[in-house]
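Biologist: I would like to go through the labels used for this structure and the criteria behind them. Please take them in turn.

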Amino acid sequence: MRESINNNDRAEVLVHALPYIQAYQGKTVVVKYGGNAMINAELKAAVIQDLILMSCVGIRTVLVHGGGPEIESMLSSLGKESRFVQGLRYTDEETMEIVQMVLCGKVNKDITALIQQAGGKAMGLCGIDGGLLLGRLLKSAGEDLGLVGEIETVNASILETVLGSGAIPVVSSVALGTGDAKGHILNVNADTAAAQIAVAIKAEKLILITDVQGILRNVQDPDSLIKRLPRSELENLKKQGVVSKGMIPKTECCSLALDGGVKKAHIIDGRLPHALLIELFTDEGIGTMIEA
């Protein structure tokens, strides 16, 4: 049963949020949307509401998404087995067609439609549109990954045009190949794409929605969440083993954004409803904030 609150409590919540709304009004925030929040219907609805509220109070919001579970499901239904190299999906021509179809044709338009249906304004884009994302082939430890790419340039003017219209750009993480990849569409990591987009449009914040609380000093202890730390401490935390395994690429994306001029990067738990609003508009926050 939902706990009832009185009107004074509601007013207190709004007043508490006011300084944050004033601070971020007119600023740009890039949100990478992934994990369970993309699959669970209740969590998905909460994220959509958060994005619309952010837009309504004047925060210029860009949403970047992946779609690993949906891609995996489609590959499985077609009887195609996934192969991973250094943790990255090997992407041959056939797999790339499926990635493009799922990310650009289904997931992207589903998210855009949800925002519109909830009363927001959104425009679905993929990295191919207008040369939004241009990339080259990525080599991981010298190994061939097929049509997996890394982004070379971001056409920020496209995103600025959409933001200027009052809409939320919803971006799927594929890129148009250049150089040795010319003539190909490339599968790019959504976390990295979000970080590089944040740099290109001079965002105030990068927020990664994940399936973990944030950075924990002890992964066995949920109460050991590091709520705030400077960029300079990340290397020490890696050496100490505090940042390890799947958290390493996430912090590397945060570092990429911060080193490129983004002021703050956040890793938050998308398994909790309205995690975005709690992180942005409360003193306590909900995840880990890394400052430049």
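Predicted model: local features only at pLDDT ≥ 70, side-chain atom pairs only at ≥ 80, totals over all residues.

Modeller: Residues are numbered from 1 along each chain as its sequence is written, and side-chain values use heavy atoms, with hydrogens and water left out.

Biologist: How many helices and strands does the protein chain have?

Modeller: The protein chain has 9 helices and 14 strands. Helices (H or I, at least four residues) and strands (E, at least two) are DSSP runs, numbered from the N terminus.

Biologist: Why is the protein chain called as compact as a globular protein of its length?

Modeller: Its radius of gyration is 19 Å, close to the 19 Å that the globule rule gives for 292 residues, so the chain is as compact as a globular protein of that length. The radius is taken over C-alpha atoms, and the rule is 2.2 Å times the number of residues to the power 0.38. Along the principal axes, the C-alpha trace spans about 60 × 45 × 40 Å. Of the contacts between residues at least 6 apart in sequence, 72% join residues at least 24 apart; contact means heavy atoms within 4.5 Å.

Biologist: What makes Ser172 buried or exposed?

Modeller: Buried means under 20% relative accessible area, exposed over 50%, and partly exposed in between (1.4 Å probe, protein chains only). Ser172 has 0% relative accessibility, so Ser172 counts as buried. Ser172 is in strand 8 (residues 168-172). Beyond its neighbours within four places in sequence, Ser172 is in contact with residues including His65, Leu103, Asn108 and Cys126. Over the chain, buried residues make up 48% of the 292 residues.

Biologist: Why is Gly131 called buried?

Modeller: The relative accessible area of Gly131 is 16%, so Gly131 is buried. Gly131 lies in the loop between strand 5 (122-126) and strand 6 (133-140). Its C-alpha atom is separated by 8.9 Å from that of Ile158, 27 residues apart along the chain.

Biologist: How do you know whether Lys202 is buried or exposed?

Modeller: Lys202 has 71% relative accessibility and therefore counts as exposed. Lys202 sits in the loop between helix 6 and strand 11 (205-210). Its phi is positive, about 55°, although Lys202 is not a glycine.

Biologist: What makes His274 partly exposed?

Modeller: With a relative accessible area of 30%, His274 is partly exposed. His274 is in the loop between strand 13 (264-269) and helix 9 (275-281), and its phi is near 60°, a positive value in a residue other than glycine.

Biologist: Why is Pro222 called partly exposed?

Modeller: A relative accessible area of 48% makes Pro222 partly exposed. Pro222 is found in the loop between strand 11 and strand 12 (228-230). Not counting residues up to four places away in sequence, Pro222 touches Gln213 and Leu216.

Biologist: What makes helix 3 oblique to helix 4?

Modeller: Helix 3 (residues 68-77) and helix 4 pack at an angle of about 130°, with their axes 10 Å apart. That angle makes helix 3 oblique to helix 4. The contact involves Glu70, Ile71, Met74 and Leu75 of helix 3, and residues of helix 4 including Thr95, Ile98 and Val107. By class, the contact of helix 3 with helix 4 divides into 9 nonpolar, 1 polar and 1 charged. Ala, Val, Leu, Ile, Met, Phe, Trp, Tyr, Cys and Pro count as nonpolar, Asp, Glu, Lys and Arg as charged, and the others, Gly among them, as polar.

Key
Axes fitted to C-alpha atoms, helices over the stretch in contact; angles between N-to-C directions. Parallel < 35°, antiparallel > 145°, perpendicular 65-115°, else oblique.
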